[in-house]
Amino acid sequence: SLKGKCSLAKNSNSNLTLIVPAISLEDLDSIVPDLQKYNITGMAKTNLSLERKEGDWSVNTEIFVPFINAKNEYNIKNLKSSFVYNFKNKQIEFKNISANFNDAEISGVGILESSSSDEKMNFTGTIKNADSSKFYNHVPFFKNMDMRTTASGTWTIKGSTSNPLLQAKIASDGGKFRNMTVDKFATDITYSDKKLLLSPMKINGYGGKSTMSCSVIFPTQKQDGSRSPFLWNLDGDLDKVHVSAINDALKSKEKINGNCTASFNVKDDGDGLFWKAKIMDGDPKWREFSAKSLSGEVSGTTKNVSINNVYAKFLHGNATINGKIGLADKTTSTGGAVLDLKILTDELNLYELLRKHLPSVRGVQGLLKSEIHVKGPASTPTFSGIATLQPLRYRDFLLPEVSFNFNADYKNIDISNAKASLKDGSISGS
């Protein structure tokens with residue numbers, strides 16, 4: 001239905017109201033030509049008011065759309081809005097926008113200007129119950145990281161429509177990142193020019209707290225027709241976090257336990273996953289090995305771990321570890337991990353070492369200073385090196401100092417080039 005007053009006389013006022021129970025959104029392009037580029041489809045119920053004041057025409061619209069599709073990829077439900085389009089300054093002012101996008105509840109207000117060659121926008125609003133898994137097609141990073149969380153927060157979009165700046169603050173009561181499960185999550189988000197920044201990310205989980213910063217560069221089309229790689233970088237600090245988070249982040253079958261305080265970096269610069277960490281304190285437990293006061297640097301990929309001057313309190317003594325661990329393939333058992341480690345020890349408790357790692361040898365006691373090489377599968381490693389014991393006690397037999405070379409596994413130990421210092425001399429043999 002149409003009612004109201006229309007005058008074409010100069011400087012006269014007009015006011016026409018059109019009530020449309022159902023209108024195809026494709027037809028709305030003829031009223032607002034700037035919408036044609038969005039290829040909008042759907043049916044709407046609308047009230048339109050065409051006004052002219054002192055020669056300045058505008059359209060006031062109230063609209064409800066049960067379902068709308070834009071650019072053949074954005075599906076929106078239950079869109080409600082009122083907006084005013086001014087023909088003179090080519091500006092659309094949106095009021096009280098609300099809609100469901102991928103089941104997320106979105107509301108906002110804003111202005112779209114098309115007076116220049118490049119349209120400008122400025123919108124603000126809120127978002128509730130946004131399920132990251134339902135945005136995989138629009139934000140591939142969420143899918144690549146297997147991110148699963150439901151978040152709420154505030155957002156702004158401003159700048160040119162060809163390259164807008166999106167900013168948001170969101171929070172969640174929990175979720176998953178790769179295989180990591182977190183209790184609480186909050187972050188600031190910035191997106192522009194194919195670059196996404198999440199910083200700071202504040203996360204509670206794995207018994208501690210983490211502060212992280214994540215940057216993502218999405219693929220772009222190159223001049224030769226190929227696409228640039230998907231790049232991302234994650235930096236953070238862990239405060240007394242359970243190190244099983246590393247297992248989950250790497251989707252590794254290796255089961256590392258204990259807590260740690262550390263700074264870390266994880267990234268994929270197009271050549272695969274790489275990570276490194278500087279450990280300030282920790283008490284890791286891996287298979288039959290456990291340590292305290294851990295510090296040093298470790299790095300690796302999904303296939304291996306490099307250990308650089310890692311210090312730990314081990315078996316009541318001091319140990320410095322260097323070397324590599326080849327991680328088990330995620331499709332194989334944990335026994336597939338391969339060790340290549342060099343361990344320097346001082347005042348290591350020999351009794352505890354033999355009891356835990358060479359149970360076939362009993363009753364030997366002493367404090368061990370050594371250079372130990374650990375090689376082979378983690379399930380059946382071999383141990384070799386040079387050792388000095390001060391003292392060596394076996395049952396009631398005591399030697400002040402003994403040095404020797406050794407080769408061992410979980411069943412046997414072979415000793416060579418042994419030398420023992422006595423009160424008034426020495427003994428050597430092999």
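Eight aromatic pairs turn up when the whole structure is searched, a pair being two rings of Phe, Tyr or Trp (its six-membered ring) with centres within 6.5 Å. The model is predicted, so local features need pLDDT of at least 70 and side-chain atom pairs count only at pLDDT 80 or more, while totals for chains, interfaces and linings use all residues. Residues are numbered from 1 along each chain as its sequence is written, and side-chain values use heavy atoms, with hydrogens and water left out.

**Phe83 and Phe94**
- The ring centres of Phe83 and Phe94 are 5.4 Å apart and their planes stand at 40°, so this pair is tilted, a word for planes that are neither under 30 degrees apart (stacked) nor over 60 (edge-to-face).
- Because Phe83 belongs to strand β5 (residues 74-86) and Phe94 to strand β6 (residues 91-101), the pair ties together parts that are eleven residues apart in sequence; strands here are DSSP runs (E) of at least two residues, numbered from the N terminus.

**Phe94 and Phe123**
- Phe94 also pairs with Phe123, with ring centres 5.6 Å apart and planes at 45°, so this pair is tilted.
- Since Phe123 lies in strand β8 (residues 120-131) and Phe94 in strand β6, the parts tied together are 29 residues apart in sequence.

**Cluster and burial**
- One aromatic cluster is formed by Phe83, Phe94 and Phe123.
- Phe83 is buried at 9% relative accessible area, as are Phe94 at 19% and Phe123 at 12%, where buried means under 20% (1.4 Å probe, protein chains only).

Notes
Helices (H or I, at least four residues) and strands (E, at least two) are DSSP runs, numbered from the N terminus. Buried means under 20% relative accessible area, exposed over 50%, partly exposed in between (1.4 Å probe, protein chains only).
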